[in-house]
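Dear colleague,

Please find below the structure for your review.

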Amino acid sequence: MGIKQDVEDSLKDYSITTIEGQPDEEALSKLKLELVEGLASIPTLNGGGGHGHIGMILSDADYTAISRNGALYEIFDNPGPYPENVDATDAVNRERQVAEHKGEVKEYEMQLGAMSWARKAIVGAVDECWLSEIKSPHVGFNHVTPFELLTHLESVGAQLDFIDVTELQAELFAPWDQVEAPTSMFERQDKIEKQLVKAGIPAQAELRLALARTWFKQSGEYDIALAKWDTLPAANRTLPAFRVMIQAEFAKRTKRDRQTAKGTGRGLANSITAEEEAEIQAMAMAEIVNAVTAQSNAQMEKMMQMFEKAMSAKQPGTTPNTTFTHPKCPHCHRRHPKPDDCWELEKNASKRPKNWKPVAERKKKQEETWRPGKVELNKLTKGFTYLVTSGLSPPPPKRPEPPPTANQHTSHQVDCGPKGVDCCINALLPPSLSKVSQKWVRRVDKWKERRKNRAEEEALLDSAATSSFVRSAQGLQLTGNSNKVVRAANGGLMQASSTALLGLTKLRTGAREALVVPELKPTALMSVSPLADNGYTTIFHPHNKGVTVHDAKSFELTFKSPPVLQGCRNEAGLWTVPITDDATISQSLNIDEAAMNVYELPSTKEVVRFLHAALGFPTKATLLTAVKHGNLVTFPGLTSENINKHFPESDETQKGHMRQSRQGVRSTKVIDEDAMLGFQPTPGVKKKDVYLRVFDAT
């Protein structure tokens, strides 16, 4: 096949998302990331190595910023079939030159393969009208590089005109529909705002905050959180802080709903699995540790002071053991015997270990460790007191505070003095997290990230779901966006983000279709309804023998006795059965849908035969060509597979497509005109006949 074709074939497994409509900046950025994923998988020494061929879609400045030693990525010229200036006198040098030329040829062909794949991927991802200006009537797009294609798309598609800016602003300030999760709403608004800022429209955080507060107030579900929000100082009422508060309140409500659903046993989509129980326990433990850490540290320090006082009281006249007690170093503020040997001094730089960091940097990192809204302590600890089993105890109840004085603010009941409101703001900020708390927070974040990016390997087979649902699209083939709203068993609504195909390649495409619902619990549900719609029979075996799915044409089902229970399928595609002996269920009709076929045939073979006759008995090649071009989409059953399998060899097709000429049209046989006219002469009477014969006398 060749190196170039092998490289192209190896990159075909990388999927490229199709850009619908105008290629905006977000879509082009996603396209670049998908191209980088494929191009980086082809090894090369070009551009310093380590990044594959991603340099062909990046500018020189962008690539040198990430390459080793600032190396440039080069587009090679064809090295030719033979090396130039071969040394004919030195055999060793000649072999080296030939080997180097072979390496150049291989590198050139690998670059051609990667460039061809990237070019085809870009052209196939966008509508060709956006590339018509640079398309050649002779060579198409083969004369331009992938970087030039992306640059052209950015110049004609990524720029926003007045209409685009107006639409983005309308979408940015569109009212919240109370179905979309607050996190998704804020992230969507952030993306829109970034595009507007690049177009020269300044960010409007105050307006977004005012609108968001109005929307959540109208929903009536965040009144408690909004009441707390109104009590905060004006300096703290910012859009980032509002997002943190609303997202925390939404998470608390969602967790409460899940626990309620689990307690009542309603719905598979809302039941809490063992993994989710572990997640809740880990989060609760982190929150309890955060809540207890500050108080535990204060209590430990107070106990140590009491212990030292008790020891000094029991042993009067004795001095504490100062064997390992040294004065504080003026440079690092730590205790060690020789301050002149402190690593903070430049003269001792050679003695510093590899992982050493100065005190200022460590102190700065410690101050930046706490992030507002990362873990809120007192909101999620209720209901998890059973987790306090490892020596941790809940904080003791607070004593009643005295009434505030003239110089005291009611927010934290301390004497502010000249500091005023700044003191109140600092008092409202939670303390920095300890190392133990930071460790638990990191563990929870990593666990969530791994779970988010993990491809689903199994699903619950559900006969009460109208479609198949997955929570994550990782490892699945995305087929488009979706705006469908999914109703759970408890009446809650979940927004689907996209459609995808399950990785079950043995099933037909219709049976593999699924909706991606990020809020779904559990991680995946596979519906029986699409399986039935695509010709599969699902058998639930008794006890622990599992379940099997069969093609309806691969077996025959026989019964030894009548069924003990029989139901029907309703208009939603779900199955209903009677729950009393006297009740009967009839097949319901969906009046919103109708079948417009005027025929009813028993098998696919008869369908193909009937439609073949209705189309005038065309040839097999004509039918396949029409199906390929999408001209027979309104003829159910006429697919390429059915035509190849059931095409009828009819006499009408042969008679209507004969290519031989009629016989006798241009005959060379002498025609007796009298015979054609029907004249038949009567025989005469015999008379005297003369017979002649010639002899050769010589």
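Glu8 is located in helix α1, which covers residues 3-10. The model is a predicted one. With a relative accessible area of 6%, Glu8 is buried, because buried means under 20%. Beyond its neighbours within four places in sequence, Glu8 is in contact with Gly113, Ser116, Trp117 and Lys120.

Gln111 belongs to helix α4, residues 91-125. Its relative accessible area is 2%, and Gln111 is therefore buried as well. Not counting residues up to four places away in sequence, the residues that Gln111 touches are Asn46, His53, Met56, Tyr73, Glu74, Ile75 and Phe76. Gln111 also stands 9.7 Å from Leu39, C-alpha to C-alpha, although 72 residues separate the two in sequence.

**Helix pairs**

Two helix pairs may be set out in turn. Helix α6 (residues 162-172) and helix α7 (residues 182-198) have axes that come within 10 Å and cross at roughly 150°. The two helices are therefore roughly antiparallel to each other, since angles over 145 degrees count as such. The crossing of α6 with α7 is left-handed. On the α6 side, the contact is made by Val165, Leu168, Gln169, Glu171 and Leu172, and on the α7 side by Arg188, Gln189, Ile192, Gln195 and Leu196. Sorted by class, this contact has 5 nonpolar, 3 polar and 2 charged residues.

For helix α8 (residues 205-219) and helix α9 (residues 223-230), the axes likewise come within 10 Å, and the crossing angle is roughly 140°. α8 and α9 also form a left-handed crossing. Leu209, Arg213, Phe216 and Lys217 of α8 meet Asp223, Leu226, Trp229 and Asp230 of α9 in this contact. By class, the residues of the α8 and α9 contact comprise 4 nonpolar, no polar and 4 charged.

**The six-stranded sheet**

An open sheet is formed by 6 strands in the order β1-β8-β2-β7-β6-β3, and its pairing is mixed. Which strands stand at the edges of the sheet? They are β1 (460-462) and β3 (477-481); each has a single partner strand, so one side of each is left without a neighbour in the sheet. From one strand to the next, the twist averages 30°.

Within this sheet, β6 (residues 498-501) and β7 (residues 513-516) run antiparallel and are joined by 4 bridges. Ala500 has Ala514 in β7 as its bridge partner. As a general point, side chains in a regular strand alternate between the two faces of the sheet.

**The hairpin of β9 and β10**

Strand β9 (residues 536-540) pairs with strand β10 (residues 547-551) in the antiparallel sense, over 5 bridges. Opposite Ile539 stands Thr548 in β10. How many residues lie between the two strands of this hairpin? There are 6 residues between β9 and β10, and His543, in the turn, has a positive phi of about 60°.

- Glu8 in helix α1, with Trp117 among its contacts.
- Gln111 in helix α4, with Tyr73 and Phe76 among the residues it touches.
- The left-handed crossing of α6 and α7.
- The contact of α8 with α9, including Arg213 and Asp223.
- The bridge partners Ala500 and Ala514.
- His543 in the turn between β9 and β10.

With kind regards

How values were computed:
Residues are numbered from 1 along each chain as its sequence is written. This is a predicted model: local features need pLDDT of at least 70, side-chain atom pairs count only at pLDDT 80 or more; totals for chains, interfaces and linings use all residues. Side-chain values use heavy atoms; hydrogens and water are left out. Two strands pair if DSSP finds at least two bridges between them. Axes are lines fitted to C-alpha atoms, for helices over the stretch in contact, and angles run from 0 to 180 degrees between N-to-C directions. Angles under 35 degrees count as roughly parallel, over 145 as roughly antiparallel, 65 to 115 as roughly perpendicular and the rest as oblique. A crossing is left-handed if the near helix is turned anticlockwise from the far one by less than a right angle, and right-handed if clockwise. Contact means heavy atoms within 4.5 Å. Ala, Val, Leu, Ile, Met, Phe, Trp, Tyr, Cys and Pro count as nonpolar, Asp, Glu, Lys and Arg as charged, and the others, Gly among them, as polar. Buried means under 20% relative accessible area, exposed over 50%, partly exposed in between (1.4 Å probe, protein chains only).
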